[in-house]
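Open the structure in your viewer and keep the selection panel at hand. This tour goes from one selection to the next.

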Amino acid sequence: MKRYLKIYKLFFTTSWQLFLSHRFNFMMGIVANILWTISQLITIQFLFFKVKTFMDWSMGDMILLLGLGQVYVYTSWLFFEPNFNELFNKINSGAFDRMLTKPVNIKFLATLERVMVSQLLPTVTTVIPLIGYGLYTRQYLSLFDFGLALIVCLLGIVAMYLLGLTLSGLIFFFEDIQSVRDLLTMQITELSRVPLSIFPKFLQQILTFVIPLAFIAFYPVQIIRNQAGFRTVFLIEMMMITIFYLLSKITWKAGLRRYSGVG
Amino acid sequence: MSIISVENLTKSFKQYRKEPGLKGSLKSLFAREYFDIRAVDSICFRIEEGEAVGFIGPNGAGKTTTLKMLSGILYPTSGEVEVLGYLPSERKKEFLKQYALVMGQKSQLWWDLPPMEGFLLNKEIYEVEEKKFKESVGYLSEILGVEKVLKIPLRKLSLGQRMKCELIAALLHDPKILFLDEPTIGLDVVVQKKIRAFLKQYNIEKNTTLILTSHYMDDVQELCKRIIVINSGQIVYDGSLRQLIERYGKNKTLKLVFNGKVKKSDLGVFGEVVEFQKDGLAATLSVPRVTHAALAGKILNTLPVDDLDIAETSLEDIIRDIFENGR
């Protein structure tokens with residue numbers, strides 16, 4: 001574990017060095033993120049222009065939901081999304097061959113090597129104000145509940161990472177699996193910014209048990225709103241994490257057996 | 001004791017055919033025509049510790065696929081392979097720490113960062129001690145003459161400097177086996193020579209086993225006493241370089257310079273005319289190895305020879321002959 005932390009620290013510092021050589025991209029990224037957040041806030045404000053609640057959700061709750069949803073967006077781009085996106089290129093360019101010769105866990109190396117440190121500042125400039133405002137509007141706030149909500153959110157990110165890992169393992173079987181993974185783990189994240197309860201029952205179940213997106217924002221906000229019990233949510237979440245962990249092991253093991261390299 | 005043992009090793013790849021054009025693309029969307037390609041076909045060999053072995057073969061012969069199976073990158077379709085007492089496909093940490101793979105066309109260092117950053121990462125990955133790391137970087141960079149470029153971004157370095165840095169990154173953990181896949185590809189002759197000299201010295205000093213694939217016969221001739229010739233996935237020759245030349249190099253080459261004009265037909269009686277200068281003042285003949293001395297004597301007596309050079313058939317020609325004639 002200590003060795004892996006050391007290696008990850010090097011990934012992190014190296015990514016910083018790479019990032020510092022591309023400052024312009026970084027600045028434009030921040031501007032784009034702030035503009036995006038403002039547009040989302042305007043949409044929410046427009047929604048609450050004539051009503052005080054939306055299906056029992058206040059404007060503050062909706063902003064809290066948006067903020068927690070953004071935690072996933074930024075952390076996934078910070079830690080693993082760029083690596084998932086590059087995996088297909090690494091396989092096609094032969095760079096994956098080199099990774100297979102290293103005496104470290106291949107899943108760790110292939111999916112966590114690059115840290116997109118440019119996502120750190122938007123996390124601070126957009127997520128903290130959104131969550132802060134959402135919490136500020138609440139009449140009663142329990143810090144303990146907020147802590148539990150954060151645990152559920154972070155474990156939700158782990159579950160989504162493991163789902164991405166499982167699907168990435170299929171890349172060795174289907175060359176064009178990237179689009180499926182993008183659909184399941186990226187495009188669908190838009191749904192995390194609206195309350196799960198507005199969807200039909202079957203979609204709610206899909207977003208809980210198939211694509212564990214509901215654990216990122218919906219259930220954490222429900223815990224803060226005292227509408228969901230931490231223990232039940234936590235147990236289901238841990239079950240999902242275990243299942244995805246085992247599935248990712250299976251898809252990668254079978255995928256590597258099938259790996260044919262290039263050239 | 002064999003450090004590498006390979007028995008009936010086979011690797012097949014599944015591929016599909018697509019008719020050209022949009023129609024073909026649409027057809028292959030619904031019904032693909034798959035077929036198997038045998039990249040490596042039941043090969044057997046053993047390699048001893050400290051040996052330097054060259055894998056030679058045309059493009060697509062199966063050299064790199066064999067190397068990838070030996071290093072655990074690819075799973076064999078069938079057959080047995082044991083390297084350093086491990087099954088490479090299991091990719092055990094202890095096994096992966098004992099070899100290094102250098103690919104001439106694929107870098108393991110970061111393009112935008114100095115080579116030293118890549119070395120530091122390898123230090124952690126291979127758990128190299130700080131003292132040992134400093135010693136190795138110092139020794140290898142000095143011997144390869146790249147001490148001054150280790151802190152310069154890789155993209156600013158020449159191809160030769162980059163290749164030397166790749167070698168340092170690969171050797172930091174003192175591998176017992178060094179797989180080299182086209183290590184001198186694209187390099188100029190001076191750098192090629194330096195890298196060959198370094199690898200030769202490293203092989204002797206550290207007793208590291210070298211497995212080399214290269215299209216440059218000079219690489220193989222200078223580094224390897226033993227060569228394995230692969231064609232269409234099968235081993236067509238496995239033995240010493242000297243035996244290969246004796247077995248397949250049945251002819252010798254006579255390079256002649258004349259001080260008077262000679263007709264091509266005058267030379268044809270002695271052997272095969274490989275090259276003939278239009279002005280009739282120089283020619284190259286290929287003559288049987290066993291009679292080359294007698295024939296050279298006859299030529300000296302009958303033709304106006306100014307200079308005569310007798311040479312073995314080049315390894316390149318022998319190999320080309322094996323590939324073309326399937327011997």
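For sorting lining residues, Ala, Val, Leu, Ile, Met, Phe, Trp, Tyr, Cys and Pro count as nonpolar, Asp, Glu, Lys and Arg as charged, and the others, Gly among them, as polar. Keep in mind that this is a predicted model.

**Stop one: the largest cavity.** The structure holds 4 cavities of 30 Å³ or more. Begin with the largest, at about 140 Å³. Select A:R98, A:T101, B:L101, B:V102 and B:Q108; of the 15 lining residues, these are the closest to the centre. By class, the lining has 7 nonpolar, 4 polar and 4 charged residues.

Now show strand 5 (99–103) and helix 6 (159–171) of chain B. Each supplies at least two residues of this lining. Strand 5 of chain B gives the largest share, 4 residues.

**Stop two: helix 6 and its partner.** For the contact, select B:G160, B:M163, B:K164, B:L167 and B:L171 on helix 6, then B:V191, B:K194, B:I195, B:F198, B:L199 and B:Y202 on helix 7. That contact has 8 nonpolar, 1 polar and 2 charged residues.

**Stop three: the second largest cavity.** This one holds about 60 Å³ of space. Select its lining: A:L191, A:S192, A:V194, A:L196, A:F199, A:L207, A:L213, A:A214 and A:F218.

Terms used:
Residues are numbered from 1 along each chain as its sequence is written. Chains are lettered from A and ligands numbered from 1 in the order in which they are written. This is a predicted model: local features need pLDDT of at least 70, side-chain atom pairs count only at pLDDT 80 or more; totals for chains, interfaces and linings use all residues. Side-chain values use heavy atoms; hydrogens and water are left out. On a 1 Å grid over the protein atoms alone, a cavity is a set of points where a 1.4 Å probe fits but cannot get out, and a pocket is an open set with protein on both sides within 12 Å along at least five of seven lines; lining residues have an atom within 4 Å of a point. Grid points are joined across faces, edges and corners, and a volume is the space filled by probe spheres set on the points. Contact means heavy atoms within 4.5 Å.
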